[in-house]
Amino acid sequence: MSETYRNAAEQQSDAQLEISPVFARPGEATSLPKFKMPDGMMSGDTAYQIVHDEAMLDGNSRLNLATFVSTWMDDNAQKIYAETADKNMIDKDEYPATAAIEDRCWRMLADLWNVPDANDTIGTSTVGSSEACMLGGLALKRLWQEKRKEEGKSTEKPNLILSAGVQVVWEKFCNYWDVEARYVPVTEDHLVLDGFELEKYVDENTIGVVAILGQTYTGLYEPVKQISEKLDEIQKDTGLDVKIHVDGASGAMVAPFCQPDLEWDFKVDRVNSISTSGHKYGLVYPGVGWVIWRNKAVCPESLIFHVSYLGGDMPTLALNFSRPGAQVLLQYYQFLRLGREGYRAVQQGSIDVATYLSSEIEKLGPFTLVSRGDTIPVFAWKLKEGKRNWDLYDLADRLRMRGWQVPAYPMPDDMADLVVQRIVVRLGLSRDLAGLLLDAIKEEVDFLENLAAPIPREKPRTNFAH
Ligand SMILES: *Cc1c(COP(=O)(O)O)cnc(C)c1O
């Protein structure tokens, strides 16, 4: 196929190529190889247009209510992004200012999450929560291994306790690092990990418990304090001292501002480490996460590499080597721009839109809310019992035809028979836009309720929701 392009290109003189309109040039006007690198070159303008046009076929990210990840930043942020796209976070020597800003950002988060001693803590930026969770999990594993070795005991069978509703990163963690995942089932009575029957899962090989602040399926918080109290009881009975990693991918950037009385952070003694996605409710474009440890002792020294930095020593721990520095600068921009007051205003605004939407959707009739969007601004609903010619997948399809992405998906394992539909409200979904979304939902529900027969379906569908 590349021949087609070359032949067409050869038929035009350079001068002609220079002046022909973009869409009449070879490249736009011919078919291009999809899976082989082209043999020759093409004009930058044409290549730009081709990439630009194909990207246009993606959905409109602002209408994507499936993702937790930021899809809007202001003009200043766009400017910083463009100015700093070349910065490599690992090059602390070349970019000492960016390195200093990274350090400031995680210290601000450590303070926000109430570390006991600001001078005795460690943290880092990451590519996202996934890398941050991996590091938190690795630290738990290494701590357990070191303790077991000291006691002359086996380190062969580590296990980690988590809700069946965890985000996929924890399945990856257990798989990649040979840790047995002990899933606590999600049930109608225990939609989140709440300490119920935890004693059945904990043993001497338990490296820790993961508590999720903002379960991806429903947006619900796992009660960190309550889980911790259950672990206190377990310790009293068995002597086992089990620590917690809080996966605060979304909630760790919402709770400090909107639920200041909730006890979930380093104020809870058993919390070893906390991770979050800077690119979710940290309000930065994709590519940044954070993880912080309670103190240096709970982040084993054996995981830390020392690089020299302006003649000094810079401890680093990360899975990646090179990665973009721009997102870290954007995070700092948001911290400065918004401050606590601004974050509170933004997140509360999203919670207000979410609770408005959930209460209106509840009123429509066919739905029961699974959550209301008053923790993180994320909520889910299910269909009431009864015979009808449609289901939530059909509603998701209808909305998608109008550009809105509102996924339907089954709950995890034990509850997989239950299909829910979810909306993630983020900065950028204004109350006004939400009103228009609601109109669309009403119209489509009306349409579906009036169907004379079910919509034919080739195979059961699942949507990627987390
Ligand atoms: C999004 C999410 C993750 C993964 O985070 P990324 O930043 O996408 O890598 C992990 N845990 C929870 C609870 C999440 O919501």
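**A strand covered on both faces**

Tutor: Strand β2 is covered on both faces, with Asn159, Ile161 and Ser163 buried on one side and Leu160 and Leu162 buried on the other. Here, buried means under 20% relative accessible area, with over 50% counted as exposed and values in between as partly exposed (1.4 Å probe, protein chains only). The model is a predicted one, in which local features need pLDDT of at least 70 and side-chain atom pairs count only at pLDDT 80 or more, while totals for chains, interfaces and linings use all residues. Residues are numbered from 1 along each chain as its sequence is written, and side-chain values use heavy atoms, leaving out hydrogens and water.

Strands (E, at least two residues) and helices (H or I, at least four) are DSSP runs numbered from the N terminus. β2 is joined by 5 bridges to strand β3 (residues 180-184), and the two run parallel; strands are taken to pair if DSSP finds at least two bridges between them.

β1 pairs with strand β7 (residues 289-293) in the antiparallel sense over 5 bridges, and Gly123 has Ile292 of β7 as its partner.

The helices come next. Helix α6 (residues 129-150) packs with helix α7 (residues 168-176) at about 45°, their axes 10 Å apart. Axes are lines fitted to C-alpha atoms, for helices over the stretch in contact, and angles between N-to-C directions run from 0 to 180 degrees. That angle makes α6 oblique to α7, since angles under 35 degrees count as roughly parallel, over 145 as roughly antiparallel, 65 to 115 as roughly perpendicular and the rest as oblique. Ser130, Cys133, Met134, Gly137 and Leu138 of α6 meet Val169, Trp170, Lys172, Phe173 and Tyr176 of α7, where contact means heavy atoms within 4.5 Å.

Helix α4 (residues 75-83) packs with helix α10 (residues 326-363) at about 150°, with axes 9 Å apart; the two are therefore roughly antiparallel to each other. On the α4 side the contact is made by Asn76, Ala77, Ile80 and Tyr81, and on the α10 side by Ala326, Gln327, Leu329, Leu330 and Tyr333.

An open sheet of 4 strands has the order β10-β11-β13-β12, with antiparallel pairing. β10 (367-369) and β12 (408-410) are at its edges with a single partner strand each, so one side of each has no neighbour in the sheet. Neighbouring strands are turned by 40° against each other on average, direction ignored. α10 packs on this sheet, touching β10, β11 and β13, and its direction makes about 10° with that of β11. Helix α11 (residues 392-401) lies across β10, β11, β12 and β13, running at about 35° to β13.
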